[in-house]
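I opened this notebook to record what I looked up in the structure.

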Amino acid sequence: MNPIVDEPLLKKHDPFSDRFEYLEQLIEGQARILEMISTGEELKVILNEIIQWAERESKDGLLASILLTNYNGERLLHGAAPSLPEDYNNAIHGVAIGPAVGSCGTAAYTKKQVIVEDITTDPLWTNFRSLAETYGLRACWSTPLMAKEGNVLGTFAMYYKQPKKPSLHDLQIIKLLSYTTVIAIEWTRTAEEKKLMAEKEKQDSHKIKLQWQDFYNMLMNAPAMVAVLRGPDHVFELANPMYMKAVGTQRLVLGKTLKEALPEVVEQGFLTILDQVYQTGVPFYGDEVLIKLDKKGTGELDTTYFNFTYQPIKSESGNIEGIFVHAVDITEVSLAKRRAEESERRFRSFVLNAPTPIGIYVGREMRIQTANEAVLKAWEKDKSVIGKTFREALPELEGQPFHDILDNVFTTGIPFEAEEEKVYLMRDGKLSTTYWNFNYTPLKNEQGEIYGVMNTATEVTELVNAKKELMQAQESLKSALEIGGLGTWSMDLSNNRVAYDQPVRNWFGLPDESTTLDEVINRMPASDRERVSKRIQEAIDTQGIYEAEYKVINPHSGRERILYAKGAVVTDENGNAIFLNGINRDITLQRETEKELTRKVELRTLELQKANAELNNLNENLKQFVYVASHDLQEPLRKINLFSDLIQEKTETLDEVQRNYLGKITKAARRMAALIKDLLDFSRTESKEQVLSSTDLNQLVHNVIEDYEVLIQQKKATVNVDTLPVIEAIPLQMNQLFYNLIGNALKFSKPDVQPVIDIQCRKLSAAEVLKHDKLSADHNYLQITVADNGIGFDQKFSDQIFVIFQRLHGKNEYEGTGIGLALCKKIAENHKGIVYGEGKEGNGAQFHVILPYK
C-alpha cells in the first residue's frame with residue numbers, strides 16, 4: 001500500500017471521525033444496557049455493565065461508582081464499583097445520607113448534583129478526606145438518581161485521581177449515564193415487583209400496566225430512533241417520534257410490515273438484513289450507512305446516513321419474536337466528515353504535489369506521516385522513510401540542533417523559522433554542507449492540543465554559496481586594490497564632486513572623503529592639468545572610457561608620484577551620464593623601474609653579445625676535438641692493436657708472461673677504442689642538425705636483432721617483439737637506443753639461464769601522460785618496454801645507471817664503458833621523451849622508453 005496516497009493525511013486527528021466514533025460507542029453501550037434490561041438481567045450485572053460502559057468511554061482515568069438507597073432512604077449501600085478498591089467500597093457501604101457527607105451523601109441529601117473538583121480542599125469531605133487520600137482519590141462528581149416520583153434511588157459518582165473540573169461534554173455524559181441507570185434500577189425493581197405481583201396478579205395488574213407504560217414512554221422519549229418489529233414479516237409494533245421524524249412524519253407505519261410502510265428500503269437491502277437477524281438471532285450493527293428515504297411522500301428520495309442496531313427480541317423460552325431497532329441520524333456529521341475528507345484530500349494533493357519540500361511529523365517522537373517528492377529528493381531518501389521517526393530516517397542529523405528544535409516546537413507550540421541555516425545532509429553518499437530556509441509549524445487538533453509539526457523548506461545552498469563567493473570576491477578585490485597599490489574614486493557629474501578612498505586621499509593630499517574636481521586637478525603639475533581635464537570631458541561626452549597618466553604632488557609632504565587613471569561613465573535608465581567611476585594606480589616605481597631596466601637591458605645585451613662570441617669559439621673548439629678524437633686518436637690505437645697482434649703471431653720466443661702483457665695491451669687498446677666510439681656517439685646526440693623522419697621501429701628493431709644474431713645463438717636467447725609503430729624520429733639515434741637496450745639485456749643475462757627478452761609497445765592514456773612531469777599533455781605518446789630475465793639491479797640505483805661512466809659491476813665482470821644507458825637517456829630527451837628502469841636484483845629488469853608519435 002502506498003502510504004502517501006492511501007493513508008489519510010491526518011487520520012488520527014479527524015475531529016469529525018472522533019465524534020462519530022464516540023457517538024457510535026454511546027449508542028452501542030446504551031443498546032447493550034437496554035437489551036440487558038429487556039431480557040431481565042440481574043440489577044447487579046446491569047449496574048456493573050453501566051460502570052464499565054462509563055469507564056470505557058472515559059479517556060481520563062475515570063473510576064465510577066453506583067450507590068443505592070436502603071429500604072427507608074436514610075443510607076447508601078454499595079451497588080457497583082468494580083474499579084474502586086474493595087476496602088474503600090466496604091468503608092462507605094451504609095454511609096448516612098446528610099449534609100457534608102462527601103459528594104454522594106450530600107447529593108442524595110440535597111437531590112442535586114455535587115461537583116467536588118479537589119477532595120483535599122473541599123469541606124464536604126472533611127470527615128472522609130483521609131479515607132479518600134489513602135486510595136489516591138482527588139476529585140468526585142456525584143449525581144442523585146431520581147425516580148419519577150421524586151424519591152432518591154441512589155447516586156452515580158465519578159472519581160478521578162487528580163483534581164478535575166467537568167466539561168460540558170462530561171456533564172452531558174453524566175446525564176445520559178444517570179438516566180440509563182435510573183431506567184435500569186426502576187426497570188429491574190419493576191421486574192422484581194412484577195415477579196411478586198405475578199403471585200398476586202389481580203391486585204397488582206394495574207401497577208404492572210403502568211410500569212410497562214413507563215417503559216413504553218421511556219422508549220418513546222428516548223433521545224434516539226427506536227422501533228419494534230414483530231414477527232417474520234417485521235410488522236411495526238412501536239415507532240417513537242424520533243424514528244417517525246427520520247422516516248417521514250406523514251407515514252402510517254404501526255401495524256404495517258416494513259415492506260408496506262417503507263417500500264423504498266426493500267431494494268436497498270435492509271429487508272434481507274432484518275430477515276437474517278430474525279432467522280439467526282445475531283445482531284446487526286450498521287456504521288454510517290447510507291439510506292435513501294421518501295420523507296416528504298413525493299417520491300423524491302433524500303440521502304441520509306445512520307448508525308443503527310438490529311437487536312433480536314427473544315421470549316422467555318428463547319424464541320425470537322421480533323427485532324428491536326435503535327438508530328441515530330448522523331447525516332449532518334457524516335456530510336461534514338465527507339467535506340472534511342474532501343478538504344483533506346485536496347490538502348494532501350497540494351502537499352504531495354507541491355514543488356516545495358513539505359513533511360508532516362506526528363507525536364513527540366516525530367514520526368513521518370507525510371513526505372512529498374520534493375522533500376524526499378532533498379533528503380535523498382525514498383518512500384520507505386514514511387512511518388519511521390525523523391531521527392531514524394535522517395541519522396546524519398544526529399548531533400545537529402534540529403531534533404531539539406522540533407521537540408521544543410511540539411512542547412511549546414511556538415513556530416520556528418530559520419534562514420540560511422547550515423544543514424549537513426547526505427549527498428551522493430557523502431555528508432555535505434547545505435543551507436536552508438525552513439519553518440517548523442505546530443499542528444493542533446480541534447481541542448487545541450498539539451499532535452505534530454509541519455516542516456516546509458527551501459534549499460538556498462547555491463544562494464548562500466554565491467553570497468560567500470561575492471563576499472570573497474569583494475574581499476579579494478579590496479586586498480587586490482591594497483596589494484596592487486590601487487585606489488578608487490567616483491565623480492558625481494551633477495555637481496563635479498569626487499569621492500575617493502584612503503589611497504587616493506593620501507596620494508593627492510586631499511581633505512576628508514570628497515572634494516571638487518578642480519581641487520583634484522590643482523594637485524597636478526600645470527603641464528598635465530589641461531590634458532587630463534580634456535580626457536575627462538571627452539569620456540563624459542562620448543560616454544566612453546577615460547584613461548590618463550599624470551604626475552601629482554602632495555602639497556603636505558611635497559612628494560611627487562606618477563599615477564595611472566582609468567574610468568568609465570555610468571548612465572541612468574534614460575541614457576544620461578550620472579557618474580564617472582574609476583581607479584588610480586601608483587606607477588611611480590614602475591616607471592622608475594622601467595628606466596632602470598632599460599639601462600640594465602642595454603648593459604646585459606652587450607654582455608650577451610660577448611658571451612655569445614665566446615660560445616661560438618667554444619663550439620668551434622669542440623668540433624675540432626670531435627675531429628681529432630674521430631681521426632687522430634683512433635689511428636694510434638689501430639696501430640697499437642695491429643702491432644700487438646703481429647708480435648703475438650710472428651714471435652715464437654714469447655713466454656707466457658710476455659703474451660699475457662701483450663693481451664692486456666690489446667684489450668686496453670680495444671676498450672679505449674670502444675670508449676672513444678661511445679663518446680663520439682654521445683657527442684653526436686647533442687647536434688641540432690639531425691633531421692626527424694618517418695621511422696619504422698619494426699624494421700629498425702629487426703635490423704638490430706640481426707646484428708646480434710651470433711650472440712643470440714651463443715646464449716640461446718629468445719627475443720619476442722610486439723608490432724611497433726612508425727614514428728617521427730632520428731633513425732640513427734633510434735638504432736643506437738635499441739642497440740644499447742637489447743645489447744644490455746643480452747650482456748647482463750644469468751650464466752645458467754637462457755635469456756628471454758620481451759619488447760612490448762602500447763599507447764599511453766592522457767591520465768598516464770600527466771603522471772610524468774617532463775611530458776606534454778598536448779602530445780600522444782607510446783611506451784616501449786624492453787624486459788629481460790637477467791641479473792636485474794637494485795631499484796635504489798635506478799637513477800645512477802643513466803649517469804655517464806656509472807657502472808654497477810666491475811670491468812672484469814661485464815664488458816662496457818658505462819655510456820650506453822646515458823646515451824639512451826640523451827636520445828629519449830632529444831625526441832622530447834623519457835626513459836626509466838625498473839628492476840630487482842636477481843629477477844631481471846625492465847626499461848621503459850616513452851616517445852611522442854610526432
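I began with Phe-438 and asked for its accessibility: the value is 4%, so Phe-438 counts as buried, the cut-off being under 20% relative accessible area. I note here that the model is a predicted one. I then searched the whole structure for aromatic pairs, and the search returned 20. Phe-438 forms one of them with Phe-402, in an edge-to-face arrangement. The ring centres of Phe-402 and Phe-438 are 5.9 Å apart, and the planes make an angle of 70°. I placed both residues in their elements: Phe-402 belongs to helix H14 (residues 402-412) and Phe-438 to strand E15 (residues 430-444), so the pair ties together parts 36 residues apart in sequence. Phe-402 has a relative accessible area of 3% and is therefore buried.

Entry 2, the strands around E15. I followed E15 to its partner and found that E15 and E16 pair in the antiparallel sense over nine bridges. Lys-444 stands opposite Ile-450 in E16. Five residues lie between the two strands of this hairpin, and I recorded a positive phi near 80° for Gly-448. I next looked up strand E12 (residues 358-362), which pairs with strand E16 (residues 450-459), also in the antiparallel sense, over five bridges. In E16, Met-454 is the residue opposite Ile-360.

I noted a cluster in which ring pairs link Phe-270, Phe-284, Phe-308 and Tyr-310. I also checked for a charge over a ring: the charged end of Lys-164 sits over the ring of Tyr-160, at 5.5 Å from the ring centre.

I listed its contacts, leaving out residues up to four places away in sequence; among them are Ser-103, Cys-104, Ala-107, Lys-112 and Gln-113. The list also includes Val-114, Thr-155, Phe-156 and Ala-157.

I counted 26 helices and 29 strands in the chain. The chain has 854 residues, of which 42% count as buried.

Methods: Residues numbered from 1 in each chain as written. Predicted model: local features only at pLDDT ≥ 70, side-chain atom pairs only at ≥ 80, totals over all residues. Heavy atoms only, no water. Contact = heavy atoms within 4.5 Å. Helix = DSSP H or I, 4+ residues; strand = E, 2+ residues; numbered from the N terminus. Buried < 20%, exposed > 50% of the residue type's maximum accessible area, 1.4 Å probe, protein only. Phe/Tyr/Trp six-rings, centres within 6.5 Å; stacked < 30°, edge-to-face > 60°. Lys NZ or Arg CZ within 6 Å of the ring centre and 35° of its normal. Pairing = 2+ DSSP bridges.
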